[in-house]
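Hi,

Here's the structure I said I'd pass on to you. Have a look at it first, and then read my notes below with the picture open.

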Amino acid sequence: MSILKVNNLNAWFGEHRALNNIKLSFDSNKVTALIGPSGCGKSTFIRCLNRLHEETPGASASGQVILQGENIYVAGVDPVRIRRKVGMVFQKPNPFPALSVFDNVVAGLRLAGIGRKSILRDVAEKSLKLAALWDEVKDKLNQPGTSLSGGQQQRLCIARALAVEPPVLLMDEPTSALDPISTAKIEELVLSLKKEITIIIVTHNMQQAARVSDKTAFFLLGELIEFGDTSQIFTVPKEKKTEEYITGKFG
Amino acid sequence: MSPSVPIGDVRSLSSGTLINSTKKATKLIRNFTLKRDVHLADKIFFLGLLFTSFLTVILLASIGLFLYLASEKAIAASGWQIIFRSLWDPVRDVYGVLPVLYGTLVSSLLGVIFAVPLSLGIALFTNELAPKKLATIVGFLVELLAAIPSVVYGLWGIFVLVPLLRGSIQPFLIENLGFLPIFTGPAYGVGMFTSGLILALMITPTISSISREVFRAIPHSQREAALALGATRWEMMRLSVLKSAKAGVFGAIILGLGRALGETMAVTMVIGNRAEIVASLFAPAQTMASVIANEYTEATSEIHLSTLAFVGLLLFMVTFLVNSIAHLIISKITKKHTGTF
Amino acid sequence: MSLNPLGDFTRLHYKRRKATNILFCSLMVVSTLIVVLALGAVFGYVLYKGLPAFNWPFFTSLPKPVGEVGGGMLNAIVGSLIMVSLGGLIGVPWGILTGVYLSEYGRGKFASTVRFSANMLSSVPSIILGLFVYVILVKPMHRFSALSGSLTLAIIMIPTIARITEELLKLVPNHIREAGLALGLPRWKVTLRIVLRGSFSAIITGVMLAVARVSGETAPLLFTALNNQFLQFRLDQPISSLPVQIYTYAISPFDDWNRQAWAGAYALIVFVFLINLITRVIFKPTVKGLN
């Protein structure tokens, strides 16, 4: 079943067109990987899915993005409400400075007006467990979030995103700033999370895409070149460009 | 190219009409998508910020406007040539602005002349010579100099500097350099020379800290290049630091000048408050700021008040001009530097 | 040697270069010393003259009439407290909001205008601001007042605080804002509760420095708040302030008043020094932590 459908999506930075007529659909409880050389528009693409793209000065987008049957690119749609349903994890771990581990996880809830300590505690524990971080931080919930290691910080950010229970989670090269061990942990996490949530992950690492994803989309110069099952893309790509890219001829 | 695409299904345009869309048309659509969907609370927040910022602009504009309105009587009575009249006589209710203009310019320029070598010396010392810890301490001390209230400088000036100058330094200068018209006349202690000294102390932090910032923005490789050529430390500073920092240092000096022009209390307390044009630097004088501080509360005649407001307007315009020049220079430089790094 | 026919010349030249180097480097040391000594002279003399007069009655009693020895500056201390607090109440939020605008939305022509205005406002001589408030408030009210004094101090604070806020918020990396937005938080919450809160202690530093600065302002109070020999709490009445009282006493011909002026200067300088020290020791590390 498709939870998120993209039709004719275009994105610009000023006069520069970063995405060209993208058409793509994401199945629920699957992991979709977006691959392509840097600058191909894959990050821009997922930033359009939670309408974060338009927060960049000069950036704009048009087209259809249909989330659970609702087009999020029409008049009157509040981007804030959309972002609540579409969580996001960034390239570099970015816990809020000056907030503790606990406060970081519940930041979304608390700022949305949920203040009941018991609820917050439950949600924090659940999210941290989902993010496979609970055992490591349960004794230091009151320490600043920035005191954790890089890999832990990234899982903290995942927990923070999960705490508001979005049906879709976007991950923008979530392991590019991490060491191999932390990377492996995050990948494991992605596989276990897909029971709960639909994941769209941008990666520049093709092995990673092959390891974690069910579907793969290949982007080049703002265009979607090929989209299909991961096994098919990596073994018998239909497009010549895809083949060249995955065999390392460019990128 | 693929066709440009309509914004949503509601406003669907057939893609055919947009295939030939010009840049303008796409822009239109994009602006349309962008401007619509803002969270309501965010809109209110933004408007609140916008309003406050707008008030800040209005504030500056209304300072100029109201000063102009308050000085209209003086301008109406004698026109703008009041600037060039050299008699300031509250007793006979006759006012010419030239003496206070002269006093302001001379005392401020003196301040700048004294302050520039000191400031550059400190900036070079802290940035190029001193070990980091010492540089931090000196930086803190110089910052403290800027934090001392003007009235405290004035107090110190009255009871320490003025007696010192009157008792020994001025008589010495008059005796030995008295052939110069600027060092003639009796040693009052108070006057433009004394004001210049105090102003120098007050603007040194400004000039030195901005110069230091400009020096800091110069890449290290430039210094190494000079040292690798066998330059001594001073030659390195001259070649790679001072040469490329020229414009920035100039901006810093102008900014210091701007501060000196408007400085009020310390100057009021040591300048002697006599609105006359005398060649000697030791003579008492009056500045634009000090004449307002001295006479505004005591002024009774309409024309006196209005003329003082006019002096205020003049001072506002002069400092505005000087400071905008300084900011223009400095912002240009910082922009250039952030561009190259 | 034969390969270097200029040898003797360069050696001589080298000596001269070395001497020049020493000369200029010592000039730098000397100018630093001059300024540090001048600072010491001001501080030292204020300490030396002010300390003896700086006693309990200084804080607790009102000025005595000319000829009577003793008395204090209670009226001026209270007046300064009132005007600085009220000024802060107006100026701090105004300045912070302007700074937030500049840092979070500060692009385009209007923002440049705001930034330029803030810069220019901060370089307007404070006596001009006093004159301005006289025209818009004192004259219509037909009296000098604590309110006018406070407004003047507020205007002095606005640009300083706006610029500090802008600088500090710009240090907050953009991905922090994006993390907040991606959580589905509206921008105002992200700005106030995450961005601003994260730099809170640093902004407090800026506010304290601005407060220290206006606490010493004299010129703009001369014809807005004027002075008052008595204790005054009403906002629509003339009121004393520490700097104006120092000025009045400093230019008076009476020894005892001069003595009081030094005590006032001592109080003012200690206050300013403490704030500078506190902000440096306590708050600076958090500013660095932001980067």
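Predicted model: local features only at pLDDT ≥ 70, side-chain atom pairs only at ≥ 80, totals over all residues.

**The four-stranded sheet in chain A**

In chain A, four strands make an open sheet in the order 2-1-4-5, and the pairing is antiparallel. At its edges you'll find strand 2 (16-27) and strand 5 (70-71) of chain A, each of which pairs on one side only.

Eight bridges connect strand 1 of chain A with strand 2 of chain A, and the two run antiparallel. Strand 1 of chain A also pairs with strand 4 (residues 59-67) of chain A, again in the antiparallel sense and over eight bridges.

Which residue is its bridge partner in strand 2 of chain A? That's A:Ser25, while in strand 4 of chain A the bridge partner of A:Lys5 is A:Ile66. For another pair, go to A:Asn10, whose bridge partner in strand 4 of chain A is A:Ser62.

Strands 1 and 2 of chain A also form a hairpin, with two residues between them. Look at A:Gly14 in the turn, which has a positive phi of about 60 degrees.

**The six-stranded sheet in chain A**

There's another open sheet in chain A, with six strands in the order 6-7-8-3-9-10, and here the pairing is mixed. Strand 6 and strand 10 (223-229) of chain A each have a single partner strand, so one side of each has no neighbour in the sheet. From one strand to the next, the twist averages 20 degrees.

You can see both kinds of pairing around strand 9 (residues 215-220) of chain A. Strand 3 (residues 31-35) of chain A runs parallel to strand 9 of chain A, and four bridges join them. In that pairing, A:Leu34 stands opposite A:Ala217 of strand 9 of chain A. Helix 1 (residues 42-49) of chain A packs on this sheet, touching strand 3, strand 6, strand 7 (168-172), strand 8 (198-202) and strand 9 of chain A. The direction of helix 1 of chain A makes about 150 degrees with that of strand 8 of chain A.

Strand 9 of chain A also runs antiparallel to strand 10 of chain A, joined by six bridges. One bridge to find is the one from A:Phe218 to its partner A:Glu226 in strand 10 of chain A. These two strands form a hairpin with two residues between them, where A:Leu221 takes a positive phi near 50 degrees.

**A pair of helices in chain A**

Two packed helices are described by the angle between their axes and the distance between the axes. Helix 3 (residues 101-111) of chain A packs against helix 6 (residues 150-163) of chain A at an angle of about 30 degrees, and their axes are 7 Å apart. Helix 3 of chain A and helix 6 of chain A are therefore roughly parallel to each other. The crossing of helix 3 of chain A and helix 6 of chain A is right-handed. Residues making the contact include A:Val105 and A:Leu109 of helix 3 of chain A, and A:Leu156 and A:Arg160 of helix 6 of chain A. By class, the contact of helix 3 with helix 6 of chain A has eight nonpolar, two polar and one charged residues.

**Where the chains touch**

Between chains B and C, 67 residues of chain B are in contact with 68 residues of chain C. On the chain B side, helix 3 (residues 40-78) of chain B gives the most, with 16 residues. That side of chain B divides into 45 nonpolar, 18 polar and four charged residues.

Chain A touches chain C as well, with 23 residues from chain A and 17 residues from chain C. Helix 2 of chain A gives the most to the chain A side, with four residues. The chain A side divides into 13 nonpolar, four polar and six charged residues.

**Two domains in chain C**

The domain assignment of chain C gives domain 1 (7-53) and domain 2 (60-290). Their C-alpha centres lie 35 Å apart. Seven residues of domain 1 of chain C are in contact with seven residues of domain 2 of chain C.

Happy clicking!

Terms used:
Residues numbered from 1 in each chain as written. Chains lettered and ligands numbered in written order. Contact = placed C-beta atoms within 7 Å. Nonpolar A, V, L, I, M, F, W, Y, C, P; charged D, E, K, R; others polar. Pairing = 2+ DSSP bridges. Domains from an automatic or database assignment. Axes fitted to C-alpha atoms, helices over the stretch in contact; angles between N-to-C directions. Parallel < 35°, antiparallel > 145°, perpendicular 65-115°, else oblique. Left-handed = near helix turned anticlockwise from the far one by under 90°.
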